[in-house]
Amino acid sequence: MFATIMLGGMFVNAVVQVGGVTDQLCASAACRDARSLVPWLVAGGCLVTILVVARLFGPVYVTPADGSWLLSSPLDRASLLRPRLTQILLAATVVTLATVGVGVVLAGTALTSAVAFAAATSLLATATAAAAAYAQEQDRRALATASQWVLVVVLWCAVLSIAVGEAPRMPLPAADHPASAVAVVVAAAAAVLAGTAAWRRLGRLRHRDVVTGGELTPGLSGALATLDLALAYDVVLSHRWKGRGSVRARRGGPGGALALVGSDVLRLRRSPQRLVVLAATAAVPYAATAAGAGRFVVLVAATAGFVACLPLLSGLRVMARGPSLARAMPFSSAVAQAATAAVPTVAALAYGMATAAAMRQDVAADREAALLCGLAVGVAVAASGVRWVTRRPPDYSKPLIATPAGAIPTNLYGSVIAGFDVLLLTTTPMLLAPDLRGASVSLALGAGVWAFLVSRSPAR
């Protein structure tokens with residue numbers, strides 16, 4: 001308890017200090033307008049996250065053991081599922097309250113207004129989680145999917161308005177303003193109504209509605225126990241395609257190594273939203289430039305592109321984690337991995353070139369330097385993504401480290417920062433020297449890391 005209080009106090013103090021520093025640095029009108037949208041963007045991001053997690057897990061689910069015998073027995077199914085629903089609603093409320101609280105403090109909002117806004121948002125998050133539980137049945141999930149994409153489009157429009165300099169100024173209302181009380185009352189009423197509807201409908205959930213999320217939790221827990229985020233992504237991806245059932249097979253196409261490139265193109269035809277998300281992410285560095293990020297827009301652009309480009313690397317992930325598949329190819333593993341990384345690399349380079357204009361304002365002094373910085377950002381995105389999906393799993397045959405949690409391999413903790421280490425390595429020269437020389441060094445580092453990672457043999 002003492003450690004929790006101490007670390008929590010340190011975190012709160014750091015957030016307050018950062019909020020004070022941003023108050024001093026944010027002097028322009030465009031920066032103030034963009035900063036006034038931060039609480040709304042954080043609140044919308046929390047709601048989108050709740051809908052995504054709810055679609056992934058149910059949100060109400062049971063363990064495989066419970067699903068194998070309790071749901072099949074003549075018992076009251078609702079009494080088994082009510083504790084799960086209660087835990088989910090409490091988790092959504094507490095996490096949203098903490099996250100939105102950090103967002104409003106960083107935006108420099110008054111304490112009373114911040115408390116009212118965080119309370120209303122947490123109640124709205126409770127209503128969102130309860131509505132997702134109400135729509136959990138197989139024939140009602142389209143409603144949750146549509147709501148998720150509507151929120152994503154609204155958030156992207158807000159980011160785009162900041163990027164083009166047309167962001168509306170939307171400060172939070174004061175705590176004694178009638179709008180604050182109305183917002184809290186409406187959010188509380190929505191939480192009560194949605195929670196009551198979900199509570200009454202628990203008995204109608206079928207076996208297939210609540211077992212699917214329970215089948216995902218053991219694999220996800222095992223992947224997170226080893227701090228392997230890429231393996232956790234593999235589990236989620238497998239769960240998603242298992243729910244879809246099957247895809248239509250297609251014949252024909254190029255031969256040799258180009259067949260692997262063709263498979264990535266076919267994968268994009270099945271899921272074109274991945275490219276759409278990457279293209280939409282190009283608005284993020286422009287919004288950061290408008291908000292006064294300065295030369296740190298390089299880091300923002302690379303991080304946003306890295307996260308958006310990861311879904312494009314599923315083919316390389318299969319090749320890197322399947323050494324038997326790489327050995328079955330009629331060419332070397334380096335050629336196979338380079339072919340599976342070709343399409344994501346081209347997409348990352350296109351993303352980097354799309355962000356070059358954002359570099360022109362605060363990073364590079366002329367057009368040539370801005371274009372080279374954009375190209376270097378694209379190479380950094382590609383190299384960090386390849387690093388993330390080709391990371392070696394923990395090797396328990398090497399010497400172990402004694403910890404209070406037991407013996408662990410030496411490369412276990414490094415798996416958490418895999419990808420981000422290459423991202424920082426390849427963008428640091430541009431941060432230190434935002435000119436042609438720094439961009440050239442970043443470009444050379446990114447290309448060298450990409451070539452080295454692709455040429456490595458898959459993990460055995």
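**Aromatic pairs and the core**

Author: Phe306 counts as buried, with a relative accessibility of 2%. Here, buried means under 20% relative accessible area, exposed means over 50%, and partly exposed is in between, using a 1.4 Å probe and protein chains only. Phe420, at 34% relative accessibility, is therefore partly exposed.

Before going further, please note that this is a predicted model, in which local features need pLDDT of at least 70 and side-chain atom pairs count only at pLDDT 80 or more, while totals for chains, interfaces and linings use all residues. Residues are numbered from 1 along each chain as its sequence is written, and side-chain values use heavy atoms, with hydrogens and water left out.

Now to the rings: the structure holds three aromatic pairs. Rings of Phe, Tyr and Trp (its six-membered ring) pair if their centres lie within 6.5 Å, and their planes count as stacked under 30 degrees apart, edge-to-face over 60 and tilted for the rest. One of the pairs is Tyr233 with Trp388: the ring centres are 6.0 Å apart and the planes lie at 65 degrees, so this is an edge-to-face pair. Tyr233 sits in helix H10 (residues 229-244) and Trp388 in helix H20, so to speak a link between distant parts of the chain, 155 residues apart; helices (H or I, at least four residues) are DSSP runs numbered from the N terminus. Tyr233 is partly exposed at 24% relative accessibility, whereas Trp388 is buried at 10%. Phe306 and Phe420 also form an edge-to-face pair, because their centres are 5.2 Å apart and their planes at 75 degrees. This pair, too, links distant parts of the chain, joining helix H14 to helix H21 across 114 residues.

Next comes the largest nonpolar core, which has 42 residues; Leu278, Tyr351, Met359, Val377 and Met430 touch the most other members. A nonpolar core is a set of buried Ala, Val, Leu, Ile, Met, Phe, Trp, Tyr and Cys residues joined through side-chain atoms within 4.5 Å. At least two residues of this core come from each of H14 (297-309), H18 (342-354), H20, H21 and H22. H20 gives the most, with 11 residues. Beyond four places in sequence, Tyr351 has contacts that include Leu278, Pro285, Ala304 and Val381, where contact means heavy atoms within 4.5 Å.

The buried residues of H22 are Gly438, Ala439, Ser442, Gly446, Val449, Leu453 and Val454. Down the helix axis they fall within an arc of 125 degrees, so they line one face of H22; the arc is taken from the directions from the axis to the C-beta atoms. Exposed Arg437 and Ala444 are on the face turned away from that buried side. The buried residues pack against helices H17 (333-340), H20 (367-389) and H21 (420-432).

At 0% relative accessibility, Ala383 is buried. Apart from neighbours within four places in sequence, Ala383 contacts Val422, Gly446, Val449, Trp450 and Leu453.
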